Amino acid sequence: MANEITITGKVTLKSGGFELELNSRSLKVDQTGEGGIQQVQEIGTTYEAIDLGQVATEGYAMFRNLDDTNFVQIGLDGGASLTPVMKLLATETAGPLRIDAAATLFALADTASCNLEVIILEN
């Protein structure tokens, strides 16, 4: 098969006299592996690895902070602390993002544990 993954996106901003719109073209991607995961992981206030389940070769990822109050940071292991590369405020979503199969992603909740929805598609 071909083009098993389809990615589309649009961003619109209207603020005062400033307007911006970006429509990405639809991207179709062949999935050489098979499968993916969609799960909710409870993220604590000590950084922890994001569980990839049975996904062997990461491809595209989406993350959604399901908490109504606190933010979640996602990043890399910095040794004694998390090296964040993104911050999801309460209820925010990020992605889809192509992620490197060699990198282990970690997450850290702000003030209290948060539920993080994770979707990883093998590529």
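**View A. Lys 87 over the ring of Phe 71.** In this predicted model, Lys 87 lies over the face of Phe 71. The distance to the ring centre is 4.1 Å.

View B. Asn 65 belongs to strand S5, which covers residues 58-65. Its relative accessible area is 1%. Asn 65 is therefore buried, as that value falls under 20%. A polar atom of the Asn 65 side chain lies 3.3 Å from the backbone oxygen of Leu 89. Leaving aside neighbours within four places in sequence, Asn 65 is in contact with several residues, including Phe 71, Leu 88, Leu 89, Ala 90, Cys 114 and Leu 116.

**View C. The aromatic pair of Tyr 47 and Phe 106.** The structure holds one aromatic pair. Tyr 47 and Phe 106 form this pair, edge-to-face. Their centres are 5.5 Å apart, with 70° between the planes. The pair links distant parts of the chain, 59 residues apart. Tyr 47 sits in the loop between strand S3 (36-43) and strand S4 (48-49). Phe 106 is in strand S9, residues 106-109. Phe 106 counts as buried because its relative accessibility, 14%, is under 20%.

**View D. The open sheet of four strands.** The strands follow the order S3-S10-S5-S8, with antiparallel pairing. S3 and strand S8 (93-98) stand at the edges. Each has a single partner strand, so one side of each is left without a neighbour in the sheet. On average, neighbouring strands of this sheet are turned by 15° against each other, direction ignored.

**View E. The pairing of S3 with S10.** S3 and strand S10 (residues 114-122) pair in the antiparallel sense. Eight bridges join the two strands. Gln 39 stands opposite Val 118 in S10.

Note on methods:
Residues numbered from 1 in each chain as written. Predicted model: local features only at pLDDT ≥ 70, side-chain atom pairs only at ≥ 80, totals over all residues. Heavy atoms only, no water. Buried < 20%, exposed > 50% of the residue type's maximum accessible area, 1.4 Å probe, protein only. Polar contact = N/O pair within 3.5 Å; in protein donor to acceptor, adjacent residues only side chain to side chain. Contact = heavy atoms within 4.5 Å. Phe/Tyr/Trp six-rings, centres within 6.5 Å; stacked < 30°, edge-to-face > 60°. Lys NZ or Arg CZ within 6 Å of the ring centre and 35° of its normal. Pairing = 2+ DSSP bridges. Axes fitted to C-alpha atoms, helices over the stretch in contact; angles between N-to-C directions.
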